Amino acid sequence: MSETQHKLFTLKFDIKNKLGNDTFETDAEERAHITIKPEICRDCPHKKCLYACPTRCYNLIDGEVKFQYEDCVECGTCFLVCDQGSVSWSNPQGSFGIKYQLG
Amino acid sequence: MEDVSDYDVYVIGGGPAGSSAAWYLADQGINVALIDRGKPIGSKNVSGGVLWGHDLKVLDEEWWKKAPIERAIISKKIGLLTEDKAMLFDWDFEEWGHEPYVGFSILRAKFDRWLAKRAQEAGADIYEGIAVDKLWIEKGEVKGIVQAGDKFKSKAVIVADGANSRILINSGLLTKPFSQNDFYLGIKEVLTLPEETIEERFGLNSEEGTAFEFILGGLPKNIVAGGFLYTNKRSLSLGVVVDLDTLPLGIHSYDVFEYYKQHPKIKRLIKDAKEEEYAAHFVPKGGLHMMPPLFGNGYVVVGDAAALCFSNGLVINGNGPAIRSGIEAAKVVSEAIKIGDTSSKFLSKYATSLKSTYVLENLIRFKNVEKFKDNPRIYSTYTPFILNFSEKLLREENKPREHLVKLLKQELKEAGINSIKAAIDLSGVRYL
């Protein structure tokens with residue numbers, strides 16, 4: 001069996017459907033705790049953030065990497081897979097962000 | 001006014017390490033504040049879900065009778081999964097089901113809230129929903145903490161903010177920057193099921209639980225990943241850990257989780273379970289190579305922030321070392337406050353005492369375990385081979401059979417496995 005036929009490639013799975021189960025407290029002032037530098041992302045040879053982020057906060061829209069912080073669970077993955085220096089990472093202010101009920 | 005401080009000690013992070021430290025310090029009459037960015041405290045915290053051992057006994061002889069534990073682990077299952085095959089070693093240990101018990105499944109948001117509350121009852125002040133920026137450092141000495149740009153003085157700080165510690169990063173206290181090679185990404189979902197269904201399905205009595213861990217073999221592009229399943233009282237904790245370094249472009253991290261969840265073996269185990277909560281969190285690979293300095297002038301580092309978690313592929317333990325390191329740090333810090341010496345030299349006693357416990361001893365003893373555990377061929381080559389070979393060995397088709405050794409040789413050849421290389425890889429077992 002060829003590798004590309006592996007089930008991993010055929011999953012039609014949308015993570016966004018699942019995130020409704022999670023509790024978030026969103027910052028009304030929309031202060032993003034993570035920011036990216038689009039000019040760096042544009043030339044990024046791998047754009048691994050698109051794949052590594054477990055809540056798909058990074059998306060390619062019209063060829064540009066876009067980050068949306070609302071579904072971020074603050075795991076830190078993007079900060080570590082970005083070796084181009086684009087991702088600035090900080091914890092959300094106050095008690096904003098993910099609020100695990102079970103953990 | 002320079003010398004005035006509200007607290008002797010700030011503990012940053014309300015996980016098992018931080019709350020245990022705060023509880024111990026409060027018991028010693030130390031003026032301690034426990035600060036967590038989650039509100040309620042612990043609501044940023046996630047782990048696979050088992051607390052092994054009894055490190056908490058130092059704080060409460062009968063802690064498990066009061067703590068919100070889910071089930072006592074009485075059986076352990078370690079298995080291999082490929083796309084359409086599964087193999088499982090299944091152990092039952094009756095003695096694990098009686099006092100003193102060896103491990104409990106827990107849900108961290110509940111458990112951590114309880115632990116922090118115990119620290120509070122002992123006298124610690126709790127601050128929830130507060131993100132500390134970094135340590136306040138002057139001339140190489142930690143003077144306190146910086147929060148929202150303001151400085152707060154203390155005699156010592158315990159850094160307990162978990163994996164990928166922002167406090168250490170922002171304070172410039174890492175020996176080398178963390179890399180994606182230092183962590184697994186843990187992705188987990190809690191799925192609810194009725195209590196009776198769990199007990200029937202997994203062959204458990206009331207209060208008893210089980211722990212599954214799997215190697216996810218045969219994934220494309222040599223992805224290194226493992227899966228777990230733990231039984232809670234009325235839910236299952238299902239998840240994967242993915243070696244981020246091996247995650248190829250084109251495959252989403254959550255696809256690995258979804259693939260695992262849809263595996264026929266897992267599908268049967270989670271049948272009819274309702275999705276309750278999805279979580280993702282870093283799991284430090286742990287070990288000496290990624291460990292930041294454990295102490296310095298005026299501060300110590302505990303738990304995942306110090307990469308003090310252990311896994312050799314057979315046992316996985318992060319919560320236990322977190323609690324133990326929190327307590328060992330608190331013992332030294334409490335002594336330091338009492339004699340008025342929080343210098344690096346004095347606080348080095350924390351590292352010394354950790355070396356005399358399993359926490360650091362295991363990491364030293366198993367410093368090469370990754371050579372075996374993270375060997376990609378275990379995942380990409382040997383796991384599929386073992387499953388394919390055993391399928392042929394066990395299948396009866398009313399035809400002449402081959403002897404085991406001959407079949408093994410045939411199959412090795414067919415799978416293109418170089419037996420010398422395989423023997424070298426297998427000798428890595430000595431690192432376990």
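Two residues are in contact if their C-beta atoms, placed from the backbone, lie within 7 Å. This is a predicted model: local features need pLDDT of at least 70, side-chain atom pairs count only at pLDDT 80 or more, and totals for chains, interfaces and linings use all residues. Residues are numbered from 1 along each chain as its sequence is written, with chains lettered from A and ligands numbered from 1 in the order in which they are written.

**Exercise 1. Describe the side of chain A that touches chain B.**

Step 1. Count the residues. 35 residues of chain A are in contact with 45 residues of chain B.

Step 2. Find the elements. Helices (H or I, at least four residues) and strands (E, at least two) are DSSP runs, numbered from the N terminus. α2 (49–52) and α3 (77–81) of chain A each give two or more residues to this side. The largest share, three residues, comes from α3(A).

Step 3. Sort by type. Ala, Val, Leu, Ile, Met, Phe, Trp, Tyr, Cys and Pro count as nonpolar, Asp, Glu, Lys and Arg as charged, and the others, Gly among them, as polar. The side divides into 16 nonpolar, twelve polar and seven charged residues.

**Exercise 2. Explain why chain B counts as compact as a globular protein of its length.**

Step 1. List the elements. Chain B has 14 helices and 20 strands.

Step 2. Apply the rule. The radius of gyration is taken over C-alpha atoms, and the globule rule is 2.2 Å times the number of residues to the power 0.38. For 432 residues the rule gives 22 Å; chain B has 23 Å, which is close, so it is as compact as a globular protein of that length.

Step 3. Check burial. A residue is buried if 20 or more other C-beta atoms lie within 10 Å of its own, exposed if 12 or fewer, and partly exposed in between. Buried residues make up 50% of the 432 residues in chain B.

**Exercise 3. Examine helix α3 (residues 108–122) of chain B.**

Step 1. Test its length. The expected span is 1.5 Å times one less than the number of residues. For 15 residues that should be 21 Å; the end C-alpha atoms are 21 Å apart, which agrees.

Step 2. Look inward. Buried residues of α3(B) include B:F111, B:L115 and B:A119. The buried residues pack against α1 (16–27), β2 (32–35) and β7 (125–127) of chain B.

Step 3. See what follows. B:G123 comes after α3(B), with a positive phi near 125 degrees.
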